[in-house]
Amino acid sequence: MDTIDGCAIPDNDPLFKHYHDTEWGVPVHCDRLIYEKVCLEGFQAGLSWQTILHRREHFRKAFRDFHAGAIARFSEKDIERLLNDPGIIRNRRKILSVINNAKCALEMKAKHGSLDQFFWQFKPSPRTRPERITREWLAKNPTSPESIELAKALKKLGWTFVGPTTMYALMQALGMVNDHVHGCPVRSKIEQLQSV
């Protein structure tokens, strides 16, 4: 593992470095991307983000670019196609979760207007966040009170693979929290984007 002034970056992985430098923590408000990130975080459960990131483009092809309307109509034939696709994680429960969550996402949009409005209401207050984010703090805090509440709210609405740890990783990916450690040059860029 290399460190970029504190943030851990896998050795010799330019794709991961690019993701860290340009995407991780950047605020996301697009419903399609929010749904995609929920799905990919669900696939990550028990695995590394590096594994998922290197398959992300294939996931996008296999899952119709994560358009919830298309995925909600997936048939048993689609499920079999996915279970035989070596470019993704071939876990039946996780594949079924993506389809289930597509239906839940459509219901959420109908009821709340957007996924963006629903998810971002769980953004933590800056007052609940530590002044300094360190790798040690991150290792000891894989969840937050807000990620626990988000997980409960989603489960109540029928979503799956949305546990508190997974939802905290989602909050990091959506830019709801800035967990680039102090000293990382990307941290200040994310702070500026979050203040807009």
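How much space lies in the largest pocket? The model before you is predicted, and in it the largest pocket holds about 850 Å³ of space. Its lining comprises 30 residues, and Phe16, Trp24, Gln44, Trp49 and Gln172 are the closest to the centre. Two or more lining residues come from each of these elements: β2 (7-9), α1 (14-22), α2 (31-44), α3 (49-53), α9 (135-140) and α11 (164-174). Of these, α11 gives the largest share, six residues. Sorted by class, the lining of this pocket has 17 nonpolar, ten polar and three charged residues.

Let us turn to the second largest pocket, with about 260 Å³ of space. Here 13 residues form the lining, and those closest to the centre are Pro126, Arg129, Asn178, Arg187 and Gln194. By class, six residues in this lining are nonpolar, three are polar and four are charged.

I come now to the cores. In soluble globular proteins, nonpolar side chains tend to be buried together. In this model, the largest nonpolar core has 53 residues. Those with the most contacts inside this core are Tyr35, Phe59, Phe63, Ile71, Phe119, Leu154 and Trp159. Helix α7 (residues 92-112) supplies the largest share of the core, seven residues.

Which residues does phenylalanine 119 contact, neighbours within four places in sequence left aside? They are Ile34, Val38, Met108, Leu150, Leu154, Trp159, Leu170 and Met176. Apart from this core lies another, of six residues, including Cys7, Val181, Cys184 and Val186.

Thank you for your attention.

Key
Residues numbered from 1 in each chain as written. Predicted model: local features only at pLDDT ≥ 70, side-chain atom pairs only at ≥ 80, totals over all residues. Heavy atoms only, no water. Core = buried A, V, L, I, M, F, W, Y, C linked by side-chain atoms within 4.5 Å. Buried < 20%, exposed > 50% of the residue type's maximum accessible area, 1.4 Å probe, protein only. Helix = DSSP H or I, 4+ residues; strand = E, 2+ residues; numbered from the N terminus. Contact = heavy atoms within 4.5 Å. 1 Å grid on protein atoms, 1.4 Å probe; cavity = no way out; pocket = protein on both sides within 12 Å on 5 of 7 lines; lining within 4 Å. Points joined across faces, edges and corners; volume = space filled by probe spheres on them. Nonpolar A, V, L, I, M, F, W, Y, C, P; charged D, E, K, R; others polar.
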